[in-house]
Amino acid sequence: MKTVMEVMRDGIDEQGIRRAGDILKQGGLVAFPTETVYGLGANALDETASAKIYSAKGRPSDNPLIVHIADWEAIYRIAAEVPVQAKRLADAFWPGPLTMILKKSDEVPLATTGGLDTVAVRMPANEVARALIRAGGGYVAAPSANTSGRPSPTTAQHVAQDMDGVIDMIIDGGAADIGLESTIVDLTDGVPTILRPGYINEAMLAAVLGDVEMDRGLTADDAQIHPKAPGMKYRHYAPKAQLYIVEGETDLVRERINELTAQHAARGESVGVIGTDESSACYHGSIVKSIGSREDEGSIAHHLYAILREFDEMDVSVIYSESFDTPQMGQAIMNRLIKAAGHQIIPV
Ligand code: TXA
Ligand code: MG
């Protein structure tokens, strides 16, 4: 299959959006920019189209998709119940990087929800995304547009690395603003529960909802407690090299990473280091990449997946990363980094 690249970095191109919408209506696949990461879109109400997403990504069929909408009213067709908290959250955070889990209506095929009787719904802030959703019929199922298990794509070039020749079209809207997937909150089961941390954090949700909990499967060390979002149990975002997070007091972390680097170098192995603008110059004997500045946590979230992909292109056998426990997005950044590292943390 030839994958068409439509460039819309300066905003919506009406003709391009019409072509993309037609592909969706005919059951095809279009990757598109959102403010979080790039999505791989298909008509969410067409089970054959949804099924194509799973095969393009190599995604396990029990891992449900998020349905993207462009207008609030669209929610009533796909949700069997719309609790008052959903409206409050939408007023506060939509369009934006928040996904809500609701009871699904019969219109949503089980192929889209991985067999669940609930549906994940999000209204993205990106204008190109919303124009595409409207042009494609109003309901676009879209996981992140990466091959299953690879870091999520934050540019159209990342999408092309994984999906060229496999999908009908990629819309290039430039780099995603945030760079981490949306916060997921479950509204179907008692106290609203965060199933995946994101840009919108627990305190921001609590300010609107009052009560909100973290899914225990996200925080528990006990492997018997499974996360509620099926996708959160898979090892995600895995770089090719072994990744370790070195955690502790700043100076000790830098010292330890240099010691470890020296040990690998003695064995003739090359090492990657994920540091920051503040620390990069402190590392020796390794390939050092700055993820951003500790003064600007947005820069850290924005570059995380791109850095993991860059290291995949390089010949390093091991990567050491600093830890990034930042104020607003720290929980989300560390959730993704710890998954990428397969929970390998070195305390100092
Ligand atoms: O920011 C985002 O959410 C991006 C962009 C493209 O919108 N999409 C995204 O989709 O991250 P994906 O498929 O990579 O992650 C969706 C997550 C998975 O962990 C999945 O298990 C969970 O949402 N999920 C989807 N539907 C669910 C449901 N009904 N109940 C529980 N978890 C659900
Ligand atoms: Mg994903």
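**Figure 1. Strands β3 and β7 in the predicted model.** N43 stands opposite V140 in β7. The structure shown here and in the other views is a predicted model. Strand β3 covers residues 39-43, and two bridges join it to β7. The two strands run antiparallel.

**Figure 2. The open sheet of eleven strands.** Strands of a sheet pair through backbone hydrogen bonds, either parallel or antiparallel. In this model, the eleven strands of an open sheet follow the order β1-β8-β2-β3-β7-β4-β6-β5-β9-β10-β11. The pairing in this sheet is mixed. The edge strands are β1 (4-7) and β11 (213-214), each of which pairs on one side only.

**Figure 3. Strand β6 and its partners β4 and β5.** In the order of the sheet, β6 stands between β4 and β5. With β4, strand β6 pairs in the parallel sense over three bridges. On this side, H68 stands opposite R122 in β6. With β5, which spans residues 98-103, strand β6 pairs in the antiparallel sense over five bridges. Here L102 stands opposite V119 in β6.

**Figure 4. The two faces of β6.** Strand β6 is mostly covered, and five of its five residues are buried. T118, A120 and R122 lie on one side of the strand.

**Figure 5. Ligand 1 and the residues around it.** Ligand 1 is surrounded by 27 residues, and the closest are T36, N63, H68, S182 and G231. By class, this shell holds 15 nonpolar, eight polar and four charged residues. Strand β6 gives the largest share of the shell, four residues.

**Figure 6. Polar side chains at ligand 1.** Which side chains place a polar atom by an oxygen atom of ligand 1? One is H68, with a polar side-chain atom 2.6 Å from an oxygen atom of the ligand. Another is R196, where the distance from a polar side-chain atom to a ligand oxygen is 2.9 Å. In the side chain of S144, an N or O atom is 3.0 Å from an oxygen atom of ligand 1. On its own, ligand 1 has 680 Å² of accessible area, and the protein covers 98% of it. The elements that give two or more residues to the shell are β4 (66-68), β6 (118-122) and β10 (193-196).

Figure 7. Is helix α5 largely enclosed or open? Seven of the nine residues of α5 (residues 127-135) are buried, so the helix is largely enclosed by the rest of the structure. The buried residues are V128, A129, R130, A131, L132, I133 and A135. Their cover includes the helix α1 (14-25) and the strands β2 (30-32), β4, β7 (140-141) and β8 (169-172).

Figure 8. N126 caps the N-terminal end of α5. A side-chain oxygen of N126 lies 2.9 Å from the backbone nitrogen of V128. After the helix comes G137, which has a positive phi, near 110°.

**Figure 9. R309, a buried arginine in helix α10.** R309 belongs to helix α10, which runs over residues 297-312. Is R309 buried or exposed? The relative accessibility of R309 is 2%, and buried means under 20%, so R309 counts as buried. Its side chain reaches the backbone oxygen of H158 at 3.4 Å. Leaving aside residues up to four places away in sequence, R309 touches N146, R150, P151, S152, P153, H158, Q161 and D162.

**Figure 10. The cis peptide bond between W94 and P95.** W94 and P95 are joined by a cis peptide bond, with omega at about -5°. P95 is in the loop between α4 (84-93) and β5.

**Figure 11. H343 in a loop.** H343 is found between α11 (330-340) and β16 (345-347), in the loop that links them. Its phi is near 65°, a positive value in a residue other than glycine. The relative accessible area of H343 is 61%, and exposed means over 50%, so H343 is exposed.

Key: Residues are numbered from 1 along each chain as its sequence is written. Chains are lettered from A and ligands numbered from 1 in the order in which they are written. This is a predicted model: local features need pLDDT of at least 70, side-chain atom pairs count only at pLDDT 80 or more; totals for chains, interfaces and linings use all residues. Side-chain values use heavy atoms; hydrogens and water are left out. A residue is near a molecule or strand if one of its heavy atoms lies within 4 Å of it. A polar contact is a pair of N or O atoms within 3.5 Å; within protein, one must be able to donate a hydrogen and the other to accept it, and residues adjacent in sequence count only if both atoms are side-chain atoms. Accessible areas come from the Shrake-Rupley method with a 1.4 Å probe; for residues, only the protein chains shown count as cover. Ala, Val, Leu, Ile, Met, Phe, Trp, Tyr, Cys and Pro count as nonpolar, Asp, Glu, Lys and Arg as charged, and the others, Gly among them, as polar. Buried means under 20% relative accessible area, exposed over 50%, partly exposed in between (1.4 Å probe, protein chains only). Contact means heavy atoms within 4.5 Å. Two strands pair if DSSP finds at least two bridges between them.
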